[in-house]
Amino acid sequence: MPHFPVNHPARPVYRVLAGLVGLYILVFGVWGVALTWGDPLFDRGSNWALGLRTNLAFSLISVAFGIVLIVGASRRGNLGHHMNLTAGVVFLATSILMMSVLQTDANFLNFSMSTVVVSMFFGLLLLGTGLYDKVGTDEHAEEERRRRHHPVSDAHSR
């Protein structure tokens, strides 16, 4: 069973980081849609937005993901926790997949190596924020703190 810290003191900082990632992705997507509007959906042209190569499909996906991440970061419950974990895994998997087809015709999202690196960075950042922004009851958080600060000799006697 994985252990996720509950009510971590830096939870607001992690939510702000996730929101900033979502905001960057949203601005990138909107800028990319404006640049590629009228082009074919999976065009392999040379359109760049905020330092990343894009096409209309990737820009539209980015708009959707940016909105989802901003909504997740703005919620107080565990919705943001689950969204960030899921988005982190999706970003990492997508960046690895797109890196493997970078120089082929299968590069349907028109990724460049800089897009792969930024996607990996955002995936790791979202995964990290998702690990530390779980919300629980005060009693659950107090039990976690007590167990965390328990002497090692007492912890093995259970």
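Reply: Happy to. Along the sequence the pattern reads α-β-β-α-α-α-α-α, with 6 helices and 2 strands in the protein. Helices (H or I, at least four residues) and strands (E, at least two) are DSSP runs, numbered from the N terminus. This is a predicted model, in which local features need pLDDT of at least 70 and side-chain atom pairs count only at pLDDT 80 or more, while totals for chains, interfaces and linings use all residues. Residues are numbered from 1 along each chain as its sequence is written, and side-chain values use heavy atoms, with hydrogens and water left out.

Me: Why is phenylalanine 122 called buried?

Reply: Buried means under 20% relative accessible area, exposed over 50%, and partly exposed in between (1.4 Å probe, protein chains only). Phenylalanine 122 has 11% relative accessibility, so it counts as buried. Tyrosine 24 has 28%, so tyrosine 24 counts as partly exposed. In the protein, buried residues make up 37% of the 158 residues.

Me: What makes tyrosine 24 and phenylalanine 122 an aromatic pair, and which kind of pair is it?

Reply: Rings of Phe, Tyr and Trp (its six-membered ring) pair if their centres lie within 6.5 Å; planes under 30 degrees apart count as stacked, over 60 as edge-to-face and the rest as tilted. By this rule there are 7 aromatic pairs. For tyrosine 24 and phenylalanine 122, the centres are 5.5 Å apart and the planes 70° apart, an edge-to-face pair. The pair links distant parts of the chain: tyrosine 24 is in helix H1 (residues 11-36) and phenylalanine 122 in helix H4 (residues 113-132), 98 residues apart. Tyr24, Phe121 and Phe122 form one aromatic cluster.

Me: How do you know that the length of helix H2 is close to what is expected?

Reply: The expected span of a helix is 1.5 Å times one less than its number of residues. Helix H2 (residues 56-74) has 19 residues and reaches 27 Å from its first C-alpha to its last, close to the expected 27 Å. Several H2 residues are buried, including Leu56, Phe58, Ser59 and Leu69. Their cover includes H1, strand E2 (52-54), helix H3 (79-100) and H4.

Me: Why is threonine 54 called buried, and what does its side chain contact?

Reply: Threonine 54 is in strand E2. Its relative accessibility is 0%, so threonine 54 counts as buried. A polar contact is a pair of N or O atoms within 3.5 Å; within protein, one must be able to donate a hydrogen and the other to accept it, and residues adjacent in sequence count only if both atoms are side-chain atoms. The side chains of threonine 54 and serine 59 make such a contact at 2.9 Å. Contact in general means heavy atoms within 4.5 Å.

Me: What makes leucine 109 count as buried?

Reply: Leucine 109 is in the loop between H3 and H4. At 7% relative accessibility, leucine 109 falls under the cut-off and therefore counts as buried. Among the residues leucine 109 touches are Thr54, Phe58 and Met98, not counting residues up to four places away in sequence.
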